[in-house]
Amino acid sequence: MFASKLPHTGISIFTQMSALAAEHGAVNLSQGFPDFEIDSALTKYVHEALSENQVQYAPMAGRIDLRSAISEKIKAFRNIEINPDSDITITSGATQAIYTAITAVVQPGDEVILFDPAYDCYAPAITINQGIPIHLKLVHPTYHINWDEVNQQVTEKTRLIILNNPHNPTGTVLQKSDFEALEKLVTAYPSLLILSDEVYEYIQFEGRHLSVLDFPNLRARSFVTYSFGKTLHVTGWKIGYCIAPPFFTAEFRKIHQYLVFCANNTIQYAIMRYLNHTDLNGIATMYQKKRDHFLSLIKTSRFKILSCFGTYFCLLDFSDISTENDVDFAKRLTTEFGVAVIPISVFYTDQTDHKIVRICFAKKEETLTNAALKLCQI
Ligand SMILES: Cc1ncc(COP(=O)(O)O)c(C=O)c1O
């Protein structure tokens with residue numbers, strides 16, 4: 001036997017809710033994955049990759065033709081230059097990029113600020129590296145960052161601050177004023193670094209997505225992580241990338257090369273071909289239609305709908321329906337009413353329960369209609 005490095009980690013709620021949904025034949029709006037078909041052009045490029053025999057290792061940092069295609073997309077989207085050679089590394093999904101960035105910078109005893117409700121892979125990566133997660137709360141129910149609280153918490157011991165924008169699970173997006181507050185903070189603390197998880201950058205419904213990349217003094221000290229799983233609706237491919245300045249990238253790659261060495265070459269080839277021929281700007285409109293379709297159908301339900309500005313998730317407040325805790329309510333919604341959702345308390349280290357559940361609207365229209373009709377019966 002040996003001591004567990006993550007003694008409090010059990011089976012995730014995503015696995016539990018998906019299993020419960022399957023057992024009860026419920027519509028599964030819990031886990032964040034699309035149920036619609038991918039663009040046939042992408043499938044065609046996978047076939048092309050295989051017929052071109054693109055099946056051996058890729059370079060450690062990723063195919064340079066894919067990194068160049070990413071750099072060109074960023075130039076078109078944000079009008080900034082990212083060096084594909086020194087600043088971009090292709091990873092096996094954003095999860096690996098996040099783990100690698102945290103491992104590259106967090107030393108034992110370093111403090112890392114993250115905001116609850118938080119995506120589930122940040123805190124374990126900090127703990128494994130013997131860092132200390134400092135959980136601050138986004139302000140309910142608008143879920144904005146309380147910068148006064150952040151300013152009070154940051155000390156010389158704070159090594160990293162983790163942002164997620166657009167934000168899973170709340171659907172909020174950072175505003176220019178957030179970046180200005182962050183700029184002030186990093187100016188006061190020169191050793192403070194940033195990990196900005198921007199996997200939903202193409203899914204923002206009003207205005208263009210603002211990234212730390214858009215702010216030179218933030219970009220100079222940031223690791224920024226992305227996921228083709230989210231952008232191209234292929235979550236099972238587990239492919240993403242990390243953008244960081246050259247010194248940061250060199251340290252990132254020292255970990256990356258021993259963790260995975262390189263990401264899947266066949267898929268890198270297919271995505272490179274696809275990016276060179278496809279405009280990604282329609283993604284937000286496609287998801288906005290799905291969001292609006294679903295929300296218009298549940299307008300007459302007893303749920304209160306919270307604002308959703310980005311991602312393919314939205315939050316429903318059930319406090320007018322039940323006083324149960326959100327985990328019990330989510331389970332009952334699955335078993336009795338046939339819709340699987342995720343309770344928000346699981347994204348808090350202290351299980352804060354505001355009687356809110358998260359639904360994923362990255363689904364076919366008929367899936368959303370079916371789920372909405374069931375939710376309206378409650
Ligand atoms: C906020 C956030 N970050 C990272 C990830 C992980 O992305 P990937 O599947 O590319 O590892 C997800 C996936 O749901 C996510 O929602």
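1. The model is a predicted one, in which local features need pLDDT of at least 70 and side-chain atom pairs count only at pLDDT 80 or more, while totals for chains, interfaces and linings use all residues. Residues are numbered from 1 along each chain as its sequence is written.

2. The protein chain contains 14 helices and 13 strands, both being DSSP runs numbered from the N terminus (helices H or I, at least four residues; strands E, at least two). Its radius of gyration is 21 Å, close to the 21 Å given by the globule rule for 378 residues, so the chain is as compact as a globular protein of that length; the radius is taken over C-alpha atoms, and the rule is 2.2 Å times the number of residues to the power 0.38.

3. Helix 3 (residues 64-78) and helix 11 (residues 265-277) pack at about 35°, their axes 9 Å apart, where axes are lines fitted to C-alpha atoms over the stretch in contact and angles run from 0 to 180 degrees between N-to-C directions. D65, L66, A69, I70 and K73 of helix 3 meet Q268, I271, M272, L275 and N276 of helix 11, contact requiring C-beta atoms, placed from the backbone, within 7 Å.

4. The ligand is surrounded by 14 residues, of which G93, A94, T95, N168 and S227 are the closest; a residue is near if its C-beta atom, placed from the backbone, lies within 6 Å. Helix 4 (residues 93-105) gives the most to this shell, with three residues.

Notes. Two residues are in contact if their C-beta atoms, placed from the backbone, lie within 7 Å.
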